[in-house]
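Good morning, and thank you for joining. I would like to take you through one structure, part by part.

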Amino acid sequence: MQPDLIIRTNRRSMSITISKDGRVIVRAPKKLGIDRILSFVNEKERWINKHLETLKKTTLLNSDVRNHEAYLLFGKKFQPHKINGLKKIELSTTDILYPASWDDEILNAKINKFYKQTAAKVLADRLEYFAQLMQLEYKSFKVRDYKSRWGCCSRQADIILNYRVIMLPHKLIDYIIIHELSHILEFNHSKEFYHIVACVMPDYKTYQKQLKDYSYLLQM
C-alpha cells in the first residue's frame with residue numbers, strides 16, 4: 001500500500017492519519033528511509049483499510065445531504081420541496097418547503113441563513129440551561145462558521161459554537177455545549193476535565209464517538 005502524502009518532521013516516531021477526504025497521510029522523521037516508511041504503512045494496512053471503509057460508508061449514507069438533496073436539522077433529514085405561494089422557508093414533519101421561485105443557489109443561501117438564525121436562538125437557550133445546571137457563568141456567546149471544529153471556549157469564558165451544531169441530534173448538541181462549558185473550569189482535556197463532563201453527562205463517551213460520524217458536515 002502506498003500513502004498519499006508523506007510529511008517529514010522533527011518527530012522521532014511515525015504516525016498515520018486518514019484525512020476527511022480519504023487520503024492516507026504519514027508523518028515521519030526527516031532522516032528515516034523511504035523503505036522503512038513504506039514498511040510501516042504495510043504493517044498498518046489492515047487498520048488503514050478499516051478506517052477507509054468506515055469513511056466510505058459514512059459518505060454513501062450521507063450523499064443526499066452532501067449533494068443538498070436533503071437537509072439535516074436536529075439529526076433528522078428533511079426533503080426540499082418547492083411550493084407556489086410561499087415567501088419563506090417552512091418546515092413540515094418530513095419536508096423543508098420553500099418558494100418555487102428560488103433556484104438551487106438561492107435555496108442554499110437561504111438555508112444557511114435559516115440555520116444560523118435557528119442556531120442563534122436554540123443554542124443560546126440550551127447554553128443558558130446547562131450553564132445554570134453546572135452553576136457556571138460565561139462571558140458571551142456567539143455563533144460562527146467553523147470548518148474544523150464544533151465550538152470553542154476562550155480563557156475569558158467566551159463561548160463560540162459552529163452554526164452547524166443544530167444539524168446534529170439533540171444529545172450531541174448537549175454534549176458539545178457541556179464540553180465547552182467545562183473548559184471554564186478546566187482549560188484542557190485532562191482527566192479532571194472529562195470528570196466534569198461526566199458529572200453532567202455520564203454517558204458522554206457514547207456521544208463523543210457518535211460525533212465523529214458527523215464530521216463531514218464541517219466540510220460542507
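Predicted model: local features only at pLDDT ≥ 70, side-chain atom pairs only at ≥ 80, totals over all residues.

**Helix H1 and its surroundings**

The buried residues of H1 pack against strand S1 (5-9), strand S2 (15-18), strand S3 (24-29) and helix H2 (45-61). Residues are numbered from 1 along each chain as its sequence is written, and side-chain values use heavy atoms, with hydrogens and water left out.

Some terms are needed at once. Helices (H or I, at least four residues) and strands (E, at least two) are DSSP runs, numbered from the N terminus. Buried means under 20% relative accessible area, exposed means over 50%, and partly exposed is in between, with a 1.4 Å probe and protein chains only. Contact means heavy atoms within 4.5 Å.

Which residues of H1 are buried? In this helix, which spans residues 34-43, they are Ile-37, Phe-40 and Val-41. They cover an arc of only 100 degrees around the axis, which puts them on the same side of H1; the arc is that of the directions from the helix axis to the C-beta atoms. On the other side of H1, Asp-35 and Glu-43 are exposed. As a general point, an α-helix has 3.6 residues a turn, so residues three or four places apart point the same way.

**The nonpolar cores**

Let me turn to the interior. A nonpolar core is a set of buried Ala, Val, Leu, Ile, Met, Phe, Trp, Tyr and Cys residues joined through side-chain atoms within 4.5 Å. The largest such core has 49 residues, and those with the most contacts inside it are Tyr-115, Trp-150, Leu-168, Tyr-175, Ile-176, Leu-181 and Leu-217. Elements that give two or more residues to this core include strand S4 (71-73), strand S7 (95-99), helix H4 (104-133), strand S10 (158-162) and helix H5 (170-182). The largest share, 9 residues, comes from H4.

Leaving aside its neighbours within four places in sequence, Leu-181 is in contact with Leu-127, Phe-130, Ala-131, Met-134, Leu-136, Tyr-138 and Ile-159.

**Helix H7**

In H7, the buried residues are Tyr-204, Tyr-207 and Leu-211. They lie on the same side of H7, because they cover an arc of only 65 degrees around the axis. On the other side of H7, Lys-205 and Lys-209 are exposed. What covers the buried residues of H7 includes H5 and H6.

**Salt bridges**

A salt bridge is a side-chain nitrogen of Lys or Arg within 4 Å of a carboxyl oxygen of Asp or Glu. How many does the structure hold? The number is 6.

One of them joins the side chains of Lys-77 and Asp-64 (3.0 Å, N to O). Lys-77 lies in strand S5 (residues 76-83) and Asp-64 in helix H3 (residues 63-66), so the pair ties together parts that are 13 residues apart in sequence. Lys-77 counts as partly exposed, at 30% relative accessibility, whereas Asp-64 is buried, with a relative accessible area of 19%.

Asp-145, Lys-147 and Arg-164 are linked in a network of salt bridges. The side chains of Asp-145 and Lys-147 meet at 3.9 Å, N to O. Between Asp-145 and Arg-164, the closest N and O atoms are 2.4 Å apart. This second pair links distant parts of the chain, with Asp-145 in the loop between strand S8 (140-144) and strand S9 (151-153), and Arg-164 in the loop between S10 and H5, 19 residues apart. Arg-164 is buried, with a relative accessible area of 2%, while Asp-145 counts as partly exposed at 38% relative accessibility.

**A residue in a loop**

Where is His-68 found? This residue is in the loop between H3 and S4, and at 36% relative accessibility His-68 counts as partly exposed. Leaving aside its neighbours within four places in sequence, His-68 is in contact with Pro-80, Asn-108 and Met-220. His-68 and Asp-104 are 36 residues apart in sequence and 8.9 Å apart in space, C-alpha to C-alpha.
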